[in-house]
Amino acid sequence: MLDFFTIFSKGGLVLWCFQGVSDSCTGPVNALIRSVLLQERGGNNSFTHEALTLKYKLDNQFELVFVVGFQKILTLTYVDKLIDDVHRLFRDKYRTEIQQQSALSLLNGTFDFQNDFLRLLREAEESSKIRAPTTMKKFEDSEKAKKPVRSMIETRGEKPKEKAKNSKKKGAKKEGSDGPLATSKAVPAEKSGLPVGPENGIELSKEELIRRKREEFIQKHGRGMEKSNKSTKSDAPKEKGKKAPRVWELGGCANKEALDYSTPTTNGSPEAALSEDINLIRGTGPGGQLQDLDCSSSDDEGAAQNSTKPSATKGTLGGMFGMLKGLVGSKSLSREDMESVLDKMRDHLIAKNVAADIAVQLCESVANKLEGKVMGTFSTVTSTVKQALQESLVQILQPQRRVDMLRDIMDAQRRQRPYVVTFCGVNGVGKSTNLAKISFWLLENGFSVLIAACDTFRAGAVEQLRTHTRRLSALHPPEKHGGRTMVQLFEKGYGKDAAGIAMEAIAFARNQGFDVVLVDTAGRMQDNAPLMTALAKLITVNTPDLVLFVGEALVGNEAVDQLVKFNRALADHSMAQTPRLIDGIVLTKFDTIDDKVGAAISMTYITSKPIVFVGTGQTYCDLRSLNAKAVVAALMKA
């Protein structure tokens, strides 16, 4: 039983609607428009919203959308056939009204389609019932019944063919295994000192000659290996005795006192002064304002200039024929026209580090968007498909929700509470480093920051954050802010409960008047269930305002696996009724990938969450905001 069936234009005008139940279809259809049609995710023709499954079909020639909704627990096999039949009949019946392409004509038009729809629905339901149920196969129809009984009888004296073959192979192996016995018999002759050879009346076969030479080779080289092992063992203690203490070039030394960073410090005490160069640590550029990401390089500009030179020397006749090649003269596009172009686009996206499944879905979405669309006279299929793919990629990189941290922090200040951000991700992606960059950005904007060291597992994690805190304190000393401590580290050492440390840090920040709390967590693989349970507990207990997933720009298919399993683990291990999932993404190591920026597409497509920050270097100023058009331009570059 269908819940609803609606037909509307891409401009938003509802032309006709069938309501099977009393509930309104507005909510599910609006969710389909927001999450699929506007986000260019039309690769799959089905969409799930709460308890409903929605299937849709796009008519690009007349700019129409056909949507049917039914309960997702039902398995309705006739839905696809019903959509096709309704689409064909509605388009043919009201072709003249639709072709006028004016909102006024569509509003004034009368689309009396109720009786035709009920007839098509009845025919589709009956066609699904007409199919005869599958009957079990009888023994007479099987291949075993066709064999004679004599072929299936085995006597004790006979062996099957397969067993006979195996026995032959075993016999051949046994013949080969007689070699060691022959060698053991031939040993006394060799021990007696008699030379073995044809001159002494003892003839050797080829196998025995090979065996003798092999034994001589092993004996000769085995002795050499033993000598070399003895020499290395004897030289080892000498090298240990000669080793001199290391002297560092940058002014350090190997004394225990100089390398000891484990002196206990209580929370709330000011950090020691920094002896390093502050300008090198800070980097260049405005720290309080995030610059847009720039994916172009000087090499690309030089290559573009060089590529334009030979094109100018071509003849005008050849250029004219090249321009006219591939033009489509006012015809509607079909799948066959776009197939070769989409295959090349898919391979290009995969080469740019886009996950393979997502590249396939993107190309399928573009095909559904363009199928049946009428092209202009001077438009090529390649340029049309490329332009549609670029528009889809820009739309994907601009998700529904935009994260504005500064506005949210000021809102939390008015409520007199700290703004809490939790960082999570796999091992080695740069969570602590980018946490320090974001801390510097917040300090430049005048907000005080408390860093909570909740990575109680990795050795050196607390010391790394202490170093960053000392450097940030040197860049923003209390003297510049009226004696107020702008950045501080909250830590309880190693081996403690991360959720408890985060809770204490938030309470400490509330009492001391800190604006922001940045919670650093331990890196964990997405398949590690105990660590994922601990992360879900930390997020559920402390309810942070923002959960950021930190991921590398170097990954391809792994990005999809990481994000899907992180979200699934947070949902499965959460104790809340509505579990808290990932709110945004921090993309790191973007300066190492050149133009292979596909990880940004993969992460945004799979989560529908925005990329809030992009890490592009090793100084505190190397933090950027995502520029969707620049990323798409780098992605589409050949």
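This report walks through the fold, the sheets, the cores and a few individual residues of a predicted model.

Residues are numbered from 1 along each chain as its sequence is written. In this predicted model, local features need pLDDT of at least 70 and side-chain atom pairs count only at pLDDT 80 or more, while totals for chains, interfaces and linings use all residues, and side-chain values use heavy atoms, with hydrogens and water left out.

## Overview

The protein has 24 helices and 16 strands; helices (H or I, at least four residues) and strands (E, at least two) are DSSP runs, numbered from the N terminus. Of its 638 residues, 38% are buried. Here buried means under 20% relative accessible area, exposed means over 50%, and partly exposed lies in between, with a 1.4 Å probe and protein chains only. Contact means heavy atoms within 4.5 Å. Among contacts between residues at least 6 apart in sequence, 75% join residues at least 24 apart.

## The five-stranded sheet

Let's start with an open sheet of 5 strands, which has the order β2-β1-β5-β4-β3 and antiparallel pairing. Its edge strands are β2 (14-19) and β3, each pairing on one side only. Two strands count as paired if DSSP finds at least two bridges between them. On average, neighbouring strands of this sheet are turned by 20° against each other, direction ignored. β1 and β2 run antiparallel and are joined by 5 bridges, and I7 has W16 in β2 as its bridge partner.

Helix α1 packs on this sheet, touching β1, β3, β4 and β5, and its direction makes about 60° with that of β4. Such angles run from 0 to 180 degrees between N-to-C directions, and the axes are lines fitted to C-alpha atoms, for helices over the stretch in contact. Helix α2 (residues 79-93) lies across β1, β2, β4 and β5, running at about 35° to β4.

Which residues of α1 are buried? In this helix (residues 26-37), they are P28, V29, A31, L32 and V36. Seen down the axis of α1, the buried residues fall within an arc of 155°, so they line one face of the helix; the arc is that of the directions from the helix axis to the C-beta atoms. Their cover includes β1 (4-9), β3 (46-49), β4 (52-59) and β5 (64-71).

## The nine-stranded sheet

Another open sheet has 9 strands in the order β6-β16-β15-β14-β13-β9-β12-β10-β11, with mixed pairing. At its edges are β6 (291-292) and β11 (487-490), each pairing on one side only.

| Strand pair | Bridges | Opposite residues |
|---|---|---|
| β9 and β12, parallel | 5 bridges | F423 and D520 |
| β14 and β15, parallel | 3 bridges | V586 and F613 |

β15 is mostly covered, with 5 of its 5 residues buried. α23 lies across β13 (546-552), β14 and β15 (611-615), and runs at about 165° to β14.

Not counting residues up to four places away in sequence, L587 touches G551, E552, A553, A600, M603, I611, F613, V614 and G615. The C-alpha atoms of L587 and V429 are separated by 9.0 Å, although these residues are 158 residues apart along the chain.

## Nonpolar cores

A nonpolar core is a set of buried Ala, Val, Leu, Ile, Met, Phe, Trp, Tyr and Cys residues joined through side-chain atoms within 4.5 Å. The largest one has 113 residues, of which L362, V385, M405, L442 and F613 touch the most other members. Leaving aside neighbours within four places in sequence, M405 is in contact with Y419, V421, W441, L442, L546 and F613. Apart from this core lies another of 26 residues, including F66, V68, Y94 and A124.

Two residues other than glycine have a positive phi. For N353, phi is about 85°; its place is in the loop between α14 (335-351) and α15 (356-370). For D594, phi is near 60°, and this residue is found in the loop between β14 (584-588) and α23 (598-607). D594 is exposed, with a relative accessible area of 57%.

How many disulfides does a search of the whole structure find? The count is 0, where a disulfide is a pair of cysteine sulfur atoms within 2.5 Å. For C17, the nearest cysteine sulfur is that of C25, 3.9 Å away. C17 is partly exposed, with a relative accessible area of 31%, whereas C454 is buried at 3%.
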